[in-house]
Protein chains: 2
Amino acid sequence: MDNRYVETDRYNALKLDNQLCFPLYACSKEIVRRYKPFLDELGITYTQYITLMVLWEEKNVNVKELGSRLFLDSGTLTPVLKRLEQKGLISRQRDSRDERNLIVSITDEGEALKERAVEVPYKMAGCVKLDRDDAGELYRILKLLLQKFGE
Amino acid sequence: MDNRYVETDRYNALKLDNQLCFPLYACSKEIVRRYKPFLDELGITYTQYITLMVLWEEKNVNVKELGSRLFLDSGTLTPVLKRLEQKGLISRQRDSRDERNLIVSITDEGEALKERAVEVPYKMAGCVKLDRDDAGELYRILKLLLQKFGE
DNA sequence: TGTAATTTAATTGTGCACAATTTATTAATT
DNA sequence: AATTAATAAATTGTGCACAATTAAATTACA
C-alpha cells in the first residue's frame, strides 16, 4: 500500500488549519473591523455599540447585569461606560437603595442615536455574504455554544 | 386579528439577541479565555500560541506572511514577536537579500515547546462540548466566511 | 542614473479584555 | 451591636488589536 499521502503527523492537532477556535477568532475580529466605518459615523466603537444595544432595550441596568449580558467584567465596562458618559449618551449614578450598585441609564441623546443606529444592521448585512441557511446554522450553533458555556 | 404578539418594532434589528456578530464575538472571547489555563502552563498567550503554530509548520516566515496567515498586522505582531523572542522561543533577523523583510524563525527552545503544546488541543476538546456534526458545520461556515472576506 | 512610487516593519495613539486586587457597602452571624 | 462574610464596582497591570503615520529599503521608470 502506497501510504506516502497518509498523514501520520502526531502534530496534526496543532496545525492552524485544523483549529476550530482560530476561524472563530479571526471571523469575529474581521466582522468587528467591518462595523468600524459605520460606527465611526456614529462616533462609537463596537463595544460601546453593544453596550448601547442593551440600554436601548432596558433603559436602566447595573454594571453586573450589563456584564452578564455582554460577557464583560467591570474591568472592561467601567472605562467603556465612562467614555459613553463623556459623550453624553448615558448617565451613571449609584442606586440609593444599595450604594454598591451603579445604575446605568440611556440619556435623551443616547436614545436619539438609536435613530441613526437602526441603519447599521442593514449596512452590515451587505458585508456578511452568507446565505440564509448558513447564517441560520451559524447563529444556532453559536447560541448553543454560548448556552453550554453558561452551564 | 389579535396582533398583540405580532412584533412590529422597527428597532428589531438592533436587539442584541438578533445579532449574528455578537455571539461570534462572545464565543470567540470565551474560548480564548478557556485556553488560558492551559497556555499559562506553557507561559504563552493565545496570540503567541497561534503565532507559534505557524512557525511549528513553517520554520521561517516574514512578518507579512505571518500577518496574512493570522489576520494580524505589524502593529500587533511586532510587539508579540518581541515578547516571543525575549522568551527565547523565536529569533528575528533581517533578510540579507531584502533588508525590508524580517525573517522570523523558531528556536530549538520553541521547537521543544511543541512537545508540551500537543496536549493543548486535546485538553481544549473537553471544554467545547459541541457534537461532531455541529462542530463540523461551524468549522465549514466559518471557513467559508473567512474565504468570502478574502475576496 | 536619479527620482518617484512601492513595499515592509516599526512606531504611535486609542480602546478594549481580563486576571487580580482593592475599596465601599450591605448582609449574615455571632 | 460588633464582627465577619459576601457583593459590586473600581483600580492596576499586562497584552493584544488596529488605524494612521513614519522610516528604511527596493523597484519602476523617466
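In the predicted model, helix 4 of chain B lies across strand 2 and strand 3 of chain B, and its direction makes an angle of about 125° with strand 2 of chain B. These two strands belong to an open sheet of three strands in chain B, ordered 1-3-2 and paired in the antiparallel sense. Strand 1 (60-62) and strand 2 (90-95) of chain B are the edge strands, each pairing on one side only. From one strand to the next, the twist averages 30°.

The pairing within this sheet can be followed strand by strand. Strand 2 of chain B is joined to strand 3 of chain B by six bridges, and the two run antiparallel. They form a hairpin with two residues between them. Strand 1 of chain B pairs with strand 3 of chain B over three bridges, again in the antiparallel sense. At the level of residues, B:Asn60 stands opposite B:Ser105 in strand 3 of chain B, and B:Val61 stands opposite B:Val104 in strand 3 of chain B. B:Val104 also has B:Arg92 opposite it.

In chain A, the packing of helix 2 against helix 4 was examined. The axes of helix 2 (residues 46-58) and helix 4 of chain A come within 10 Å and cross at roughly 80°. Because angles of 65 to 115 degrees count as roughly perpendicular, helix 2 of chain A is roughly perpendicular to helix 4 of chain A. From helix 2 of chain A, A:Thr47, A:Gln48 and A:Thr51 take part, meeting A:Val80, A:Arg83 and A:Leu84 of helix 4 of chain A. By class, this contact comprises two nonpolar, three polar and one charged residues.

The two protein chains are related by symmetry. Chain B is superposed on chain A by a rotation of 180° with 0.0 Å of shift along its axis, at an RMSD of 0.0 Å. The copies are therefore related as by a two-fold rotation axis. The contact between them takes 47 residues from chain B and 47 residues from chain A. On the side of chain B that touches chain A, two or more residues each are given by helix 1 (21-42), helix 2, helix 5 (108-117), helix 6 (119-125) and helix 7 (132-150) of chain B. Helix 7 of chain B gives the most, with 13 residues. The residues on this side of chain B divide into 34 nonpolar, one polar and 12 charged. Since 100% of the interface residues of chain B are also interface residues in chain A, the copies meet through the same surface.

The largest share, four residues, comes from helix 4 of chain B, the helix that lies across strand 2 and strand 3 of that chain. By class, the surface near DNA strand D has 10 charged, 10 polar and four nonpolar residues.

Note on methods:
Residues are numbered from 1 along each chain as its sequence is written. Chains are lettered from A and ligands numbered from 1 in the order in which they are written. This is a predicted model: local features need pLDDT of at least 70, side-chain atom pairs count only at pLDDT 80 or more; totals for chains, interfaces and linings use all residues. Ala, Val, Leu, Ile, Met, Phe, Trp, Tyr, Cys and Pro count as nonpolar, Asp, Glu, Lys and Arg as charged, and the others, Gly among them, as polar. Two strands pair if DSSP finds at least two bridges between them. Axes are lines fitted to C-alpha atoms, for helices over the stretch in contact, and angles run from 0 to 180 degrees between N-to-C directions. Two residues are in contact if their C-beta atoms, placed from the backbone, lie within 7 Å. Copies are superposed by least squares on the C-alpha atoms of residues with pLDDT of at least 70 in both. Angles under 35 degrees count as roughly parallel, over 145 as roughly antiparallel, 65 to 115 as roughly perpendicular and the rest as oblique.
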